[in-house]
Amino acid sequence: MIRKPHELMICQICKEKKKLNEVLSGELVRPSLVEMIQKKYPDWSSEGFICRADLNRFRTDYIQNLVEKEMGELSTLELDVMRSMKDQELLSKNVNVEFDRTATIGERVADKVAEFGGSWGFITTFTVVIVGWIIMNSIVLFLRPFDPYPFILLNLVLSCVAAFQAPIIMMSQNRQEAKDRLRSEHDYQINLKAELEIRHLNEKLDHLLAQQWQRLVEIQQIQMDLMEELARKTPRELGG
Ligand SMILES: [Zn+2]
């Protein structure tokens, strides 16, 4: 049957009238989904139509059931994935940018200090300062050194630097760890979503192939019938 584009179809689920481009033929719904729909709506028929919004809702429920069955209770991570599939929005984001945006001033300073503390620049500067200090107090200010041998003041300064540097580096490390955790969580979500989408696509493709095969067999049957009829008619017409 040929349908006009502006013709209104009735969705079997919400019973509302919808345009042809807002509905999908019941035949195109995958068997696994049909099973689920029939549980809630026993009078479902593949001859009718279903609107995309309802189909999307069933699809989300189906995927959620599937994941729940395999993983047990769902965490917020998995629920986020479900929501993004339902709303058909992107899940991918740049974790680094997000993480840097939420950093406080103290955390930023800690990062900068840790970065400088672990560089050749720091080692060079420090070597120059220490050697300079020792030379000043041994040669230049030999007569009136402010920190004579064995450089006790220098010792104190170095201890203080070490005492401050350790917690700052730890702070920066904690932040790095938090960032890594966030990144791995995000990777997990993307992987889960990709896996579910691919499975969904696979099922859909199988369903379409099977349906097309069925159609092909039907068409072939009709052609055979026509040919048989033709074969039966022709000799009679020729002879008559
Ligand atoms: Zn509907």
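Predicted model: local features only at pLDDT ≥ 70, side-chain atom pairs only at ≥ 80, totals over all residues.
Start at the metal. For comparison, the ideal angle for four tetrahedral donors is 109.5 degrees.

C11 and C51 link distant parts of the chain, 40 residues apart. C11 sits in the loop between β1 (8–10) and β2 (17–19). C51 belongs to strand β4, which covers residues 49–51. Buried means under 20% here.

Next come the charged side chains. The model has 11 salt bridges. R30 and E203 form one of them, with their closest N and O atoms 2.5 Å apart. Which parts of the chain does this pair tie together? R30 lies in the loop between β3 (23–25) and α1 (31–40), and E203 lies in helix α7, so the bridge ties together parts 173 residues apart in sequence. R30 counts as buried because its relative accessibility is 5%. E203, at 25%, counts as partly exposed.

Helix α7 takes part in another bridge. Here the side chains of D111 and R175 meet, at 2.8 Å from N to O. D111 is in helix α5 (residues 105–117) and R175 is in helix α7, so this pair ties together parts 64 residues apart in sequence. Is R175 buried or exposed? R175 is buried, since its relative accessible area is 10%. D111 is partly exposed, at 24% relative accessibility. Salt bridges that share partners also bring in E107, so that E107, D111 and R175 make one network.

D180 and R183 pair up, and their closest N and O atoms are 3.6 Å apart. Both lie in helix α7. They are 3 residues apart, so about one helical turn separates them. D180 is partly exposed, with a relative accessible area of 37%. R183 is partly exposed too, at 33%.

Turn now to the aromatic rings. There are 5 aromatic pairs. F116 and F122 make one of them: their ring centres are 5.5 Å apart and their planes stand at 85°, so the pair is edge-to-face. F122 is buried, with a relative accessible area of 16%. F116 is partly exposed, at 44%. Y149 and F151 also pair edge-to-face, with 5.9 Å from centre to centre and 85° between the planes. Y149 counts as exposed because its relative accessibility is 73%. F151, at 12%, counts as buried. Ring pairs also go beyond a couple of residues: they link F116, F122 and F126 into a cluster.

Finish on the surface. Which residues form the nonpolar patch there? They are V131, I135, M136, I139, V140, F146, L153, L156 and V157. Together they have about 790 Å² of accessible area. Helices α6 (120–140) and α7 (152–239) each supply at least two of the patch residues. The most come from α6, which gives 5. I135 lies in that helix, α6. Its relative accessibility is 40%, so I135 counts as partly exposed.

Helix α7 holds E203 of the bridge to R30, R175 of the bridge to D111, and both D180 and R183. The same helix α7 also supplies residues of the nonpolar patch.

Terms used:
Residues numbered from 1 in each chain as written. Heavy atoms only, no water. Helix = DSSP H or I, 4+ residues; strand = E, 2+ residues; numbered from the N terminus. Patch = residues over 30% accessible without salt bridge, like charges linked within 9 Å, V, L, I, M, F, W, Y side chains within 5 Å. Areas by Shrake-Rupley, 256 points an atom, 1.4 Å probe, with all protein chains shown as cover. Salt bridge = Lys/Arg side-chain N within 4 Å of Asp/Glu carboxyl O. Buried < 20%, exposed > 50% of the residue type's maximum accessible area, 1.4 Å probe, protein only. Phe/Tyr/Trp six-rings, centres within 6.5 Å; stacked < 30°, edge-to-face > 60°.
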